[in-house]
Amino acid sequence: MGGGPAGSTAAALLAQTGRSVCLVEQARFPRFHIGESLLPAGNAILKTLGIWPDLEKYGFLKKWGAEFTYGDGSSRVKINFKEGLIPGEPHAYQVERAQFDELLLKKAESHGTALRRNQRVIKVREEERGWTVTIRGEDGKESLLRTNWLLDASGRTRILARHLKVSKDGVALPNRVAVFNHFTGIPRQPGPEGNNIIVVRIEKGWFWIIPIDEERTSVGLVKVIEKGKESAGEAMFQSEVFRSPYLSKLMAGAQPTQPDFRVEGDYSYINQRMAGRNHLMLGDAAGFLDPVFSSGVYLAMFSAKAATDAILGQAGARGYLTGREQRAYETQIRKRMSSWLGMIQVFYHERDFSIFMSPTKRFDMFSAVNSVVAGYPAKRFSLRWRYALFLLACRVNRFFPLVAPVELTPSPKQ
Ligand SMILES: Cc1cc2nc3c(=O)[nH]c(=O)nc-3n(C[C@H](O)[C@H](O)[C@H](O)COP(=O)(O)OP(=O)(O)OC[C@H]3O[C@@H](n4cnc5c(N)ncnc54)[C@H](O)[C@@H]3O)c2cc1C
């Protein structure tokens, strides 16, 4: 259920092995979706799907790293993926999701997936062995699908979690909202670095700046809203741009390409359960993390790979997942998420973030942080202890300043 990166990846991987797969997607593709900056750690899965040459041919911009700065532009930290501790892929892509998701969906189809486009899942029912799914087409006609395995890749709609009343684990991050648009007229650094994502930390949140193609740049604001005092929309976006000297200068000649700014809630959660005897939840349908480190599409594809590995293993022959196999799947997803959660908490804590913004060559600590930002899991010992040391330095810095505190752009006087 769902033809975003999680659903298409799972469908393609299963169909590649000759399984009979049906994928139901409600939207008319190509459709807009936010989540445009990919991570190098996801390249391996894209290559397994056989879609890498298509991405190269399509001409998406190559993302060589990321840059972090403050609202006043006072300090900048650059991450070049090729300098990471894990000698991984040197680049990822910045993608317009409408095209990227369509390419993935077509890849799933070319591997043999039966696509039910523009059809909406309206009901699911668990049977003794497998599931029955009711879908509704644009003409209002309903039909039934029967399946041994049901994979929920419906994104934040969380069809299965809602049906099974699976609660969300609270992630200790405040509720934020994102306001964004594509713009022309935003200057870039010359050379390959001009393609990198820029993250601008402001007082109550951050901006992303993601080059989409030669002309268009995606710019979004993520922040906590003061209830009753402001509402999420263009005015809030422009007022935060105005407060930031760095953004005011960068966006002086920017023109939005869409008349209406898009607004999305950005509420982090992790499902308490992600698997059962004959079902698995993938991508955002399993959990969603604050997007500051661009982890979403990678986690979607990673969980799709983990889910298909689970089905294609002994469970495939047996016809169901044992409790142990269900837990093993969930543990893999949680571990990946917790790696990022540590970084996200550092990002939002002003004192912790000042450590991030003071990279040190000592103990190769920052090249370890680089690899975590690129999406590599902190499971190798060489990475794990350095990342743990970095997190420890952040904690110590809260009580015994190791570096100068961050000066975030001040709020205007009330
Ligand atoms: C503000 C913001 C910025 C982000 N930035 C980034 C970023 O830079 N990089 C990054 O990697 N991630 C980013 N993300 C996260 C990223 O968007 C998601 O993690 C990613 O799209 C998850 O993929 P998915 O396949 O799980 O779900 P989705 O991509 O949401 O796909 C779910 C699909 O299911 C379909 N569907 C839903 N309900 C039904 C139904 N009833 N019947 C049939 N189909 C259905 C939907 O139409 C949709 O196509 C960002 C997210 C937000 C909110």
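In this predicted model, the ligand is surrounded by 37 residues, the closest being Gly4, Gly35, Gly155, Gly283 and Gly296. Two or more residues of this shell are given by each of the elements α1 (5–16), β1 (22–25), β7, β17 (262–266) and α8 (296–312). The largest share belongs to α8, which provides 4 residues. Divided by class, the shell around the ligand holds 16 nonpolar, 15 polar and 6 charged residues.

The position of the ligand can next be related to the domains. The chain is divided into domain 1 (5–60 + 95–169 + 268–337), domain 2 (176–266) and domain 3 (346–399). Because domain 1 and domain 2 both give residues to the shell around the ligand, the ligand lies between them. The C-alpha centres of domain 1 and domain 2 are 29 Å apart. The two domains also touch directly: 8 residues of domain 1 are in contact with 10 residues of domain 2. On the domain 1 side, the residues that touch domain 2 comprise 3 nonpolar, 2 polar and 3 charged.

Between β8 (residues 131–136) and β9, the antiparallel pairing extends over 6 bridges. Within this pairing, Ile135 has Ser143 in β9 as its bridge partner.

The last feature is a pair of helices. Two packed helices are described by the angle between their axes and the distance between the axes. For helix α12 (residues 365–373) and helix α13 (residues 381–399), the axes come within 8 Å and cross at roughly 105°. Angles of 65 to 115 degrees count as roughly perpendicular, and α12 is therefore roughly perpendicular to α13. In the contact, Met365, Ala368, Val369, Ser371 and Val372 of α12 meet Leu383, Arg386, Tyr387, Leu389 and Phe390 of α13. By class, this contact has 8 nonpolar residues, 1 polar residue and 1 charged residue.

Technical notes:
Residues are numbered from 1 along each chain as its sequence is written. This is a predicted model: local features need pLDDT of at least 70, side-chain atom pairs count only at pLDDT 80 or more; totals for chains, interfaces and linings use all residues. Axes are lines fitted to C-alpha atoms, for helices over the stretch in contact, and angles run from 0 to 180 degrees between N-to-C directions. Angles under 35 degrees count as roughly parallel, over 145 as roughly antiparallel, 65 to 115 as roughly perpendicular and the rest as oblique. Two residues are in contact if their C-beta atoms, placed from the backbone, lie within 7 Å. Ala, Val, Leu, Ile, Met, Phe, Trp, Tyr, Cys and Pro count as nonpolar, Asp, Glu, Lys and Arg as charged, and the others, Gly among them, as polar. Two strands pair if DSSP finds at least two bridges between them. A residue is near a molecule or strand if its C-beta atom, placed from the backbone, lies within 6 Å of it. Domain bounds come from an automatic or database domain assignment.
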